[in-house]
Amino acid sequence: MAALLSPMAALPGCSGARAMSSRRSVVAQRVVVPASGLRAQSRSRAAVVGVRAIMGKGNIREQAMRVPVEKKGEFSAKFVPFTGGSGEEYSLDEVIYRAKDGGLLDVQHDMEALAKYDGDYWKTLFDGRVGKTVWPYGSGVWSKKEWILPGISDDDIVSMFEGNSNLFWAERYGRECLGMSDLWVKQCGNSHTGSFKDLGMTALVSQVNRMRKQGKPIAAVGCASTGDTSAALSAYAAAAGIPSIVFLPADKISLAQLVQPIANGSLVLSIDTDFDGCMRLIREVTAELPIYLANSLNSLRLEGQKSAAIEILQQFDWQGPDYVIIPGGNLGNVYAFFKGFKMCKDLGLVDKLPRMVVAQAHNANPLYRAYKSGYTDLSPMKAEPTFASAIQIGDPVSIDRAIYALKETNGIVEEATEEELMDAAAQADLTGMFNCPHTGVALAALKKLRANQTISPSDRVVVISTAHGLKFAQSKVAYHAGEIEGIVGKYANPPVKVKEDFGAVMDVLAQRLKSQ
């Protein structure tokens, strides 16, 4: 076990910490003029801020710039039971995943300390960090550091400047297909490993990096995954020089998802079961070995993921949408988005919460079933195969968290069949997008909510695209080739085979142009 998990032992050309240090030095020299790198630039900025402090209060922008130095230690966070009320609490530096009663934990921030500064203060601070290269604030996650993991040192943060993903105005799709004028798609898949999971993994791996430096007995990080979590974990662990282990359900993820952890050096276990089976195994393994659990059962992940909600408000100049539609599998992302929106409301950055919609594949829809029962039946199910493989989960860890978020926002749960989700993704692709099947689930749910007039033509709606379509190219090829049994492919656009003959080419072009 020791040899298997030894950090970076088998990395060619590297000799432990010295090799890692050299790599950081080279990267730093490429990015900024001072050879000491981004963190040196950060210390330089701290010195400037200190001078400003001596000069007096200044305006709100100058006050915001002083926060990282003057207010260091003022903000804090801790683990508490998700259900609350017991007085039970734990340091974020502890290796713990559940409360004493077996329930989930939540990261609770010192809201009183944060509330000493008004909404305009936080807006100015966050807006002033966007697009910068000062470590670590160029990250869409760490630009909100005080609200994520306020106690962590900048030197412990493992970041690839994730987040800051574009909010795409789906103008043509909204207008022509749905009769909407204010439809947006948050492209969370435009990230380092191609999914929104990067947002949570930078927070979790940074905290693990901190704990390992403290001497905590953590030999590796591990997760069960339907593909995107393993890709994110392997990349961030590799960047930090921390061994990683991933449990994947055999033959149930895309080739692109499989190759990512392999390329990043993870120990990949392909297990003859589904995600829920992998999840049971990783929980048993982490209870016996010094492997830190990186699934969304661990609420540290949700702290990073909630930054996407804050970012959406920021991109709308701190005006909230009416609806947010999220594909739901293990359901941690639902609570994470709610938490981001709620913190912004509670701290005065916005004055309302959006109505949250969770979209599930019909073949893996335990939350939809619970919703239709009035949340009286929370029974798990055996998830059936779905092209939206990342949400093929029948026993979601965060179902209680998701239900809480839905109840707090008068939320809705919808479902989509395989044909509905594939057609919705393909139709939207024809307007310039390139959607993953999970985004197809969300778009199919939106079509139903427009059809029954729950969502009006003028409502501002944000659809969360959780992954990049290129990670699921196989399913798109099959759709357009007409190779999916039981699916007609209403929007299929297969290539046309033509002989090497001018007349034949002209005939095809004339026919196509005539049909436009």
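Helices here are DSSP runs of H or I with at least four residues, strands are runs of E with at least two, and both are numbered from the N terminus. The model is predicted, so local features need pLDDT of at least 70 and side-chain atom pairs count only at pLDDT 80 or more, while totals for chains, interfaces and linings use all residues. Residues are numbered from 1 along each chain as its sequence is written, and side-chain values use heavy atoms, with hydrogens and water left out.

**View 1. Aspartate 459, a charged residue in a loop.** Look for aspartate 459 in the loop between helix 19 and strand 12 (461-465). Is aspartate 459 buried or exposed? Aspartate 459 is buried, where buried means under 20% relative accessible area, exposed means over 50% and partly exposed lies in between (1.4 Å probe, protein chains only). There's no salt bridge here, and the nearest side chain of opposite charge, arginine 450, is 7.2 Å away. (Lys and Arg count as positive, Asp and Glu as negative; His and the chain ends are not counted. A salt bridge needs a side-chain nitrogen of Lys or Arg within 4 Å of a carboxyl oxygen of Asp or Glu.) Instead, the aspartate 459 side chain reaches the backbone nitrogen of serine 456 at 2.9 Å. Setting aside neighbours within four places in sequence, aspartate 459 has contacts (heavy atoms within 4.5 Å) that include Met180, Asp322 and Tyr323.

View 2. All five residues of strand 4 (residues 183-187) are buried. Leu183, Val185 and Gln187 point one way, while Trp184 and Lys186 point the other. Strands pair if DSSP finds at least two bridges between them. Strand 3 (residues 167-169) runs antiparallel to strand 4, joined by three bridges, and strand 12 runs parallel to strand 4, joined by five. Lysine 186 is the bridge partner of leucine 167, and lysine 186 also stands opposite isoleucine 464 in strand 12.

**View 3. Helix 20 and its two sides.** Which residues of helix 20 (residues 473-480) are buried? They are Ser475, Lys476, Ala478 and Tyr479. These cover an arc of only 160° around the axis, so they sit on the same side of helix 20; the arc is taken from the directions from the helix axis to the C-beta atoms. They pack against helix 18 (418-429) and helix 19 (437-451). The face turned away from the buried side carries the exposed residues Gln474 and Val477. After helix 20 comes glycine 482, with a positive phi near 70°.

View 4. Lysine 476 forms a salt bridge with aspartate 429, with the closest N and O atoms 2.4 Å apart. The pair links distant parts of the chain, with lysine 476 in helix 20 and aspartate 429 in helix 18, 47 residues apart. Both lysine 476 and aspartate 429 are buried.

View 5. How many salt bridges does the structure hold? There are 21. One joins lysine 342 to aspartate 346, with the closest N and O atoms 2.9 Å apart. Lysine 342 and aspartate 346 are about one helical turn apart because they lie four residues apart in helix 15 (residues 332-346). Lysine 342 is partly exposed at 25% relative accessibility, and aspartate 346 is partly exposed at 42%.

Key:
A polar contact is a pair of N or O atoms within 3.5 Å; within protein, one must be able to donate a hydrogen and the other to accept it, and residues adjacent in sequence count only if both atoms are side-chain atoms.
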